[in-house]
Amino acid sequence: MIFLLLLAFMAAFLLTGFWLSLAQRRNWFDRPNHRSSHILPTPKSGGAGFVAAYTAFTLAVYATQPLAPSQLLVITAGLLLAVMGFVDDLRPNGLGIWQRIAVQAVASAVALALFEQVPPLTFPWGSIEPAAVRALLLLPALVWLINLYNFMDGIDGLAATEAIYCCLALALFTSGHDNAGVVTALSLGLALTVSGFLYFNLSPARLFMGDLGSNYLGYIIAALGGLAIQTGSVNVWTLLVLLGVFIVDTTATLVARMRAGAVWYHAHRSHAYQQAARRWNSHGKVVLAVALINVCWLLPLAWLTTVQEGWGILIALVALIPLHILGRLVRHAPQSHTDAPQASA
């Protein structure tokens, strides 16, 4: 397994480098506009490198480890989103919102149907039953997670480092649990393949993952979380807390834009993380700040949800409310003359 993990990292690194060269030759560039956080045309769809490497890694795990066919299908269903994202990247005006949501809903429904059981939703007063009701609640939640991950891919390195953090956390929480070894391996595999891409995406980025990569990551993180839930090592609240920065920033921004009458799915630069990047004139500082919040604040609280599942919703509120307050402070901070896009995003 160690050999496979190292091979996955090297494959992602080499494939991403190849894709960078290919995108430059084919003129596949993300060209900046007034809503961009970068000012130079940058090659895009670089997520193809880690998507290909992780797919190969998953097939290798299936051939050598006790990975069930249903688990393999849950992971490979993410390829639907990668293909959709690539088409969206190449089309000048992208795909329509309902086309994207339809594909996301199909992939999410496939995942929920293939899980051994629909992930439980436990509260201090009991759990939601029957399973069909939980599935109806979780389906739009999965679709939203895919979209919010796409929305948060707006500055150098942020979406990639978030994926690495989430996967390492899942690997930590599942390690040592009965029947969870394969989920630990799959989580580590995604962390390492995305790390192979991150080298090219650190500020100033030479390559963007594009919708191809961000849609895929949003789905795969949710899929890995669902597989981890099947082992009893984590729960829905654990995932909610782990992804707290992305969930809070995107949801609060969406609500604010809808209240202002803006078209919520159009590109913009009003996320708290985008405003922070402009005020600090640095993408790297924002990524570092998010990483510190993840490790020092969210990770311990996520672990707490694994030992106190019944109180998970209250722990999640404790974790997320300060993030919402912080986001409001960032959005309402005085504007400065340095609020300008960086050379890349």
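**Entry 1: the second largest pocket**

I looked up which element gives the largest share of the lining of the second largest pocket, and I found that α6 does, with seven residues. I worked throughout on a predicted model. Other elements that give two or more residues to this lining include α5, α9, α10 (236-242), α11 (244-259) and α14 (312-331). I noted a volume of about 670 Å³ for this pocket. Of its 33 lining residues, Leu138, Ala141, Val236, Leu240 and Ile247 lie nearest the centre. I then sorted the lining by class and recorded 29 nonpolar, four polar and no charged residues.

**Entry 2: the largest pocket**

I next turned to the largest pocket, which holds about 1,300 Å³ of space. I recorded 45 lining residues, with Asp30, Asn33, Asn150, Asp211 and Ala267 nearest the centre. Among the elements that give two or more residues to this lining are β1 (29-30), α4 (78-90) and α12 (272-280). By class, I listed 15 nonpolar, 20 polar and 10 charged residues here.

**Entry 3: salt bridges**

In one, Asp249 pairs with Arg331, and their closest N and O atoms are 2.9 Å apart. Asp249 belongs to helix α11 and Arg331 to helix α14, so this pair ties together parts that are 82 residues apart in sequence. I noted that Asp249 and Arg331 are both buried.

Glu129 forms a salt bridge with Arg134, with 3.0 Å between the closest N and O atoms. Arg134 counts as buried because its value is 6%, under the 20% cut-off.

Definitions and conventions:
Residues numbered from 1 in each chain as written. Predicted model: local features only at pLDDT ≥ 70, side-chain atom pairs only at ≥ 80, totals over all residues. Heavy atoms only, no water. 1 Å grid on protein atoms, 1.4 Å probe; cavity = no way out; pocket = protein on both sides within 12 Å on 5 of 7 lines; lining within 4 Å. Points joined across faces, edges and corners; volume = space filled by probe spheres on them. Helix = DSSP H or I, 4+ residues; strand = E, 2+ residues; numbered from the N terminus. Nonpolar A, V, L, I, M, F, W, Y, C, P; charged D, E, K, R; others polar. Salt bridge = Lys/Arg side-chain N within 4 Å of Asp/Glu carboxyl O. Buried < 20%, exposed > 50% of the residue type's maximum accessible area, 1.4 Å probe, protein only.
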